[in-house]
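Hello,

Please find the structure below. My notes on it follow.

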Amino acid sequence: MTSWFHPGAVFFFAAALLPLIGLLPTGKPDGNKSHQLVQTIRQVVLIATPLIAITVTLNAIFGTGIPTGDYWRFDFIGIPITLGVVDKLSLMFSCVFTLMALIGAVYALHVRHTAEHSAAFIYVGSALGVVFAGDYLSLFLFWELMAFSSSYLIFASGTAQSTAAGHRYLLVHIAGGLSLLAGILLHYHESGSIVFTIMDPDHSVGFYLIMTGFILNAAVPPLNAWLTDAYPEATITGAVFMCAFTTKTAIYVLLRGFPGTEFLIWLGTIMAVYGVIYAVLENDCRRLLAYHIVSQVGYMVAAVGIGSELAFNGAAAHAFAHILYKGLLFMGAGAVIYMTGKRKLTELGGLYKAMPITLSLYMIGALSISAFPFFSGFVSKSLVIAAAEQDHMAIVTLLLLLASSGTFLHTGLKLPYYMFYGNNRSLTDSSIKHQEPPLNMLIAMSLAAVACIAIGVFPQLLYQLLPYPVDFDPYTPVHITTTLSILIFTALGFAVFLRHLDPEDTISLDTDWYYRKGSAVFMWIAHHPISRYEQWMSKASLGLLSAAQYFAKQGLRFDKGLIDATVNGIANLTRRSGQRLRQLQSGIINHYALAMVVGVVAVITLGTFVFDIYLQFFEWVR
């Protein structure tokens with residue numbers, strides 16, 4: 001058996017099916033029971049869809065009937081399209097994407113907004129479309145569909161802030177899409193091919209335009225502000241999906257198209273430190289976590305730039321681990337927001353007694369992202385740092401280690417302390433529910449937590465999925481003691497400088513200041529010069545229209561007063577003459593004879609008169 005089924009197609013089908021479920025005839029006279037039945041069917045679809053996709057993916061990975069190769073191939077206007085490039089890299093990303101889709105669907109089971117579920121499934125299906133794309137045309141179409149479907153998860157929050165952030169998110173990603181499209185067209189013009197494979201590092205304009213489109217989705221500074229601006233404004237469940245797919249599809253396409261591009265090493269290293277520094281300033285819990293997405297994706301970008309087999313595996317492994325632990329962190333923060341309605345650290349605190357399960361599950365994600373031994377981040381991040389050491393990049397190695405320390409400081413210490421302990425601000429607010437979130441949210445968090453621990457304890461579960469064979473043991477005494485030393489000293493520093501780390505009720509801006517100001521300038525231009533030009537053109541058009549109406553009225557008056565009067569006058573004269581002539585037709589032959597005589601005499605007389613005038617004129621001329 002050599003057939004292969006695209007897992008993304010399952011999500012697209014479910015996205016179209018979900019809105020139709022509400023139209024099903026339930027046959028129940030009780031409205032509440034009917035609504036509950038529809039909700040149950042919807043929940044079954046939400047769970048069954050990712051389970052089917054996971055089964056398809058695991059069958060391709062561990063089954064014996066589907067060899068690697070290209071599937072779902074056809075020609076479109078003479079251009080070869082490939083929707084299914086099946087190899088170890090694409091299958092590994094498909095595995096974690098479908099697994100995260102299942103976790104996200106369980107987390108969102110209580111949501112009754114069908115459109116949000118459909119948008120999330122289109123988003124997942126588009127990400128899988130990018131993963132299996134074998135040509136730039138299909139990749140671009142899925143790439144843009146990802147942007148538009150994910151933007152709905154921001155707009156769905158329904159606040160003024162989310163609407164503004166959603167518009168900015170769309171504008172940035174449309175700009176990135178245009179850069180990608182321009183690069184694809186130039187690449188096709190130069191090479192005559194749209195096959196998506198490793199780019200020739202010819203440093204052409206097309207090369208850099210395609211890379212710009214990719215690294216924008218990876219949130220590489222200074223193109224990172226869209227992430228920290230939009231993710232905190234998304235819905236609670238929507239943010240869980242968003243933190244998993246956009247940046248990781250960017251890492252996938254960089255691995256596929258730009259491995260070994262050296263300046264990515266420094267871009268990634270800067271990212272790792274950059275995200276940690278800005279996280280220090282954050283008061284919004286999800287915005288703080290968003291900055292650590294920037295930081296963690298920096299490890300992956302740096303590994304792509306290093307380009308060795310160990311680094312390639314490290315980038316892929318860290319993307320896999322990051323999706324799970326970052327999803328867990330966003331689910332933990334989302335659970336707190338769902339129960340309290342608060343998301344600023346200055347408004348939270350004292351929740352450890354009311355939400356101990358949420359705190360415990362969150363801390364598993366925090367220890368994973370901090371690369372604690374026996375958690376997933378340790379076995380994936382170790383590959384990246386070891387690759388940098390292997391290539392004798394001392395500065396890169398040092399900066400990545402420092403960034404890991406900063407990650408633990410903010411995500412593993414500062415955020416849980418001020419969210420769950422702190423000054424007990426939440427206990428004094430009577431509007432806050434002091435209890436655990438719904439069961440489905442806890443189950444989803446537990447699934448992610450189990451995955452984080454399983455990968456950390458049994459790293460071969462992850463290593464066997466990687467593109468290249470792995471001959472690496474993360475649990476060496478030196479590596480364990482080095483990591484623990486860094487983390488312990490970080491915790492000690494947190495305890496010593498705790499008073500100086502108190503969050504402040506402020507909003508920090510980084511490079512989004514420029515596009516916020518840029519959008520303000522754009523709106524000023526739209527409201528002033530362009531608007532005034534439009535008003536002038538409108539007035540000029542109205543003036544021309546008024547002049548045209550005036551001349552039309554004058555023409556109508558001339559037409560009625562002169563032309564119509566002349567025509568009507570001739571018609572009346574002809575009609576009256578005819579009537580008079582009819583009176584002459586008496587039927588008496590003597591009258592006709594007399595008329596003929598009179599006519600002949602009149603003609604002779606008129607002819608004689610005219611001839612006499614002619615003779616006189618002729619004599620005068622002579």
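T98 counts as buried because its relative accessibility is 0%, and the cut-off for buried is under 20%. Please keep in mind that this is a predicted model.

T98 is part of helix α3, which covers residues 88–107. Its side chain reaches the backbone oxygen of C95, at 3.0 Å. Leaving aside residues up to four places away in sequence, T98 touches F11, P50, A53, I54, T57 and L128.

Next, the core. The largest nonpolar core has 180 residues, and within it F93 and F214 touch the most other members. The element that gives the most to this core is helix α12 (residues 309–340), with 21 residues. For F93, the residues touched are V131, K248, Y252, L255, A316 and A319, again not counting those up to four places away in sequence.

Some totals for the chain as a whole:

- The secondary structure consists of 21 helices and two strands.
- The chain has 622 residues, and 50% of them are buried.
- Among contacts with a separation of 6 or more, 82% are between residues 24 or more positions apart.
- The accessible surface is about 29,400 Å², and carbon and sulfur atoms account for 68% of that area.

Regards

Definitions and conventions:
Residues numbered from 1 in each chain as written. Predicted model: local features only at pLDDT ≥ 70, side-chain atom pairs only at ≥ 80, totals over all residues. Heavy atoms only, no water. Core = buried A, V, L, I, M, F, W, Y, C linked by side-chain atoms within 4.5 Å. Buried < 20%, exposed > 50% of the residue type's maximum accessible area, 1.4 Å probe, protein only. Helix = DSSP H or I, 4+ residues; strand = E, 2+ residues; numbered from the N terminus. Contact = heavy atoms within 4.5 Å. Polar contact = N/O pair within 3.5 Å; in protein donor to acceptor, adjacent residues only side chain to side chain. Areas by Shrake-Rupley, 256 points an atom, 1.4 Å probe, with all protein chains shown as cover.
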